[in-house]
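Work through these exercises with the structure open beside you. Try each task before you read its solution.

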Amino acid sequence: MTNALDIEGLTKTYGSGFEALKGIDLKVAQGDFFALLGPNGAGKSTTLGIVCSLVTKSAGKVSVFGYDIDTHLSDAKLHLGVVPQEFNFNQFEKVFDIVTIQAGYYGIPLKKAAVSAEKYLKKLGLWDKRNTPARMLSGGMKRRLMIARALVHEPKLLILDEPTAGVDIELRRSMWSFLEDMNRQGTTIILTTHYLEEAEALCRNIAIIDHGRIVRNTSKRELLQQLSLETFLLDTELALDTAPDLEGFSCRLDDEGVLEVDVHKGQALNDVFMQLEQQRVKVVSMRTKANRLEELFIRMVEHNAPKGETKTEGRA
Amino acid sequence: MNAQALFTAYTTIVLREIRRFTRIWPQTLLPPAVTMTLYFIIFGNLIGSRIGEMGGFDYMSFIVPGLIMMAVITNSYANVVSSFFSMKFQRSVEELLVSPVPNWVILAGYVTGGMARGLGIGVIVTLLSLAFTQLKIHSLPMVVVTVFLTSALFSVGGFINALLATKFDDVSIVPTFVLTPLTYLGGVFYSIDLLPDFWQGVSMANPILYMVNGFRFGILGVSDVNPFVSLGMILAFIAVLTFIALRLLARGKGIRH
C-alpha cells in the first residue's frame, strides 16, 4: 500500500547557510498516528514546511499518497490538511468565512463548503462563534479554528505542528479525543509536539529528529521498551524523616518528603512494596516521576549533541 | 484541479478581495471620492476658469479623463499591494500556499480584486465629475479597453510590489516616489504640447502618459499620442509585469522560505 508520506534524502540549506535538514528519510504509513519529535531548531517545522510547500527544499524527494511534490504538487496538496504552529488566518475575518474561504481555495463550491464548515465547527465546539471575527476568539478557540480549517476539504493526511501549544489541560484532552476519533476514521495524522506525554498518549510511531537528522524512527512500543530505568514517586501515609533502606533499589526523599524509588528494567515493583511493608511504611499513592518518553527523548538528544554542546536548551 | 474547481478558487479570491475593500469603505472608497471632488473644485472650477482652453476643451473637461485615470491607477495598485502584503504580514498567505491553487489563479484573483476597486472608484469619480462638467464619450470601446487594461496593469504592479516588500515602508515607497510623480507628470493636468521639445521627449518615456492620453482620446477624441500606440504600450507592460509576477511566485519570492 502507498505510504501517506514518503521522504527520501531531504535536505534544506537556508540562504544564511544554515543547514536545517541533512538528508532525511521518513515513511509514514496510511492510517498511522505519527509523532515527529525534536528540540527547538532540530528541523521539525522545516520538514513539515517542505511537505506543505511553505518551504522550498534544497534536495530530496517528497511524496504524499504517492504524489511527488515536484511533479504532482496540486494532487499532493489535495490530500493534505495543515495546522501550523502559529496563528495564520486573517484576524478580521469571521470564523465561518475563514473555513469556507479555505474550502474555496480547494475548489469546493460555497454550498458544499458551508456544509463541511458546519460539520467541523460543530465538532470542535465553534459553531456558536461562527459569526465572530477571529481576533475575538480565545487562544484555544483559535487553535480549534485552525483544525476546522485544515479539515474542511476532508484531507487524508493531517499535519499538526504543535497543535496544543498554550492550551489548557481540559481543552488539550478534548483535542486529543477529537484527533483520536479522526485517526480511527482513517485520517493519517502527523504531529509535532513539545508535550511528550501527548506523543506517548496518541501516537503509534515516533521519529526523533535532531540537528537535521533522524536519530530514531520506530514504534512507540519499541522505543519505550528501551527504557532501562524509571523513577516512581510514592506518597506515604506518615511523613518519613529519612529514606528507608531498600535492598537493590536506590531511593531518597524529595524536598516535599515524597519517596523517590529508581526501578531498573527487570526489577519488580513488588520487591519495593514488600520491603516497605516489612519496614512498616504504608504507601497511599504512586506515580511515575518523569514522563517515560520524555526521559528517552532527552537521553537520545543529549547523546546526539555535537561535542561542546551538552544540552538541548538554548538552540531555538 | 479541474476547470470548475479552478474557477471556484478564482472567485473565492475575488469575492474575498471585494468583501475586504467594501468592509473598510471609509478607508478605500471614500478618500478618493473626497480628493477627486477637491481636484474638480480647485483645479477645475477655481483655477481652471482662469486657465482657459487646453487641447481645444475647457480646462475642466480636459482634466476629468486624467483625474479618473489617476484614481483608477492609484486604487488598483493600492488595493493589491496592501491586501497581499497584509496577508504576508499576518501569514494568512499560507492558507493559499498550502492549497492547490495554481500561481496564475492567485495572480488573476488578486488582479481582478484590484480592478474591482480601481474601476469602482473610476465609476464613482466619473459620477462626481458629472456635477462639474458634461462628459461626451468619443469612443466607448476605447474608454472601456483603456481603463480595464490600465487597471489590470497597475494591479499586477501592486502584486509585484507586495511580493518584494519586506516591511510596510516598502509598500508606500513606490506609490509615493514613483507612481504619484509619474501620474502628475503624465499629462493629467496639462497637454505635453505646452512643454519645450526636450521635456516632451522625456515625457514620452513616462508610461502613464500613454494611459491618460488613451483614455482622454476615448472621451474627448484628442490625445498627445496615437491611441493605438497607447494600447500597445499598455499591453506590452502588462505582458512584461505578468511574466515577472509569475516568475516571482514560482520562485516563492517573499512568500516561501
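The exercises below use a predicted model.

**Exercise 1. Overall layout of chain A**

Task: Find how many helices and strands chain A has, and what its C-alpha trace spans along its principal axes.

Solution: 
- Step 1. Count the elements. Chain A has ten helices and 14 strands.
- Step 2. Take the extents. The C-alpha trace of chain A spans about 75 × 45 × 40 Å along its principal axes.
- Step 3. Look at burial. Chain A has 316 residues, and 40% of them count as buried.
- Step 4. Turn to the contacts in chain A with a separation of 6 or more. Of these, 68% are between residues 24 or more positions apart.

**Exercise 2. Two helices of chain B**

Task: Decide how the axes of α6(B) and α11(B) are placed relative to each other: parallel, antiparallel, perpendicular or oblique?

Solution: 
- Step 1. Locate the helices. In chain B, α6 covers residues 103-129 and α11 covers residues 227-251.
- Step 2. Read the geometry. Their axes come within 10 Å and cross at roughly 130 degrees.
- Step 3. Apply the cut-offs. Roughly perpendicular ends at 115 degrees, and roughly antiparallel starts over 145. The angle is roughly 130 degrees, so α6(B) and α11(B) are oblique to each other.
- Step 4. The crossing of α6(B) and α11(B) is right-handed.
- Step 5. Name the contact residues. α6(B) brings Asn103(B), Trp104(B), Ile106(B) and Leu107(B). α11(B) brings Ala245(B), Leu246(B), Leu249(B) and Ala250(B).
- Step 6. Sort them. Seven are nonpolar, one is polar and none is charged.

**Exercise 3. Where chain A touches chain B**

Task: Find which element of chain A gives the most residues to the side that touches chain B.

Solution: 
- Step 1. Count both sides. 26 residues of chain A are in contact with 21 residues of chain B.
- Step 2. List the elements of chain A that give two or more residues. They are α2 (73-78), β6 (80-83) and α3 (95-105).
- Step 3. Pick the top one. α3(A) gives the most, with four residues.
- Step 4. Sort the chain A side. It divides into 14 nonpolar, ten polar and two charged residues.

Definitions and conventions:
Residues are numbered from 1 along each chain as its sequence is written. Chains are lettered from A and ligands numbered from 1 in the order in which they are written. This is a predicted model: local features need pLDDT of at least 70, side-chain atom pairs count only at pLDDT 80 or more; totals for chains, interfaces and linings use all residues. A residue is buried if 20 or more other C-beta atoms lie within 10 Å of its own, exposed if 12 or fewer, and partly exposed in between; C-beta atoms are placed from the backbone. Two residues are in contact if their C-beta atoms, placed from the backbone, lie within 7 Å. Axes are lines fitted to C-alpha atoms, for helices over the stretch in contact, and angles run from 0 to 180 degrees between N-to-C directions. Angles under 35 degrees count as roughly parallel, over 145 as roughly antiparallel, 65 to 115 as roughly perpendicular and the rest as oblique. A crossing is left-handed if the near helix is turned anticlockwise from the far one by less than a right angle, and right-handed if clockwise. Ala, Val, Leu, Ile, Met, Phe, Trp, Tyr, Cys and Pro count as nonpolar, Asp, Glu, Lys and Arg as charged, and the others, Gly among them, as polar.
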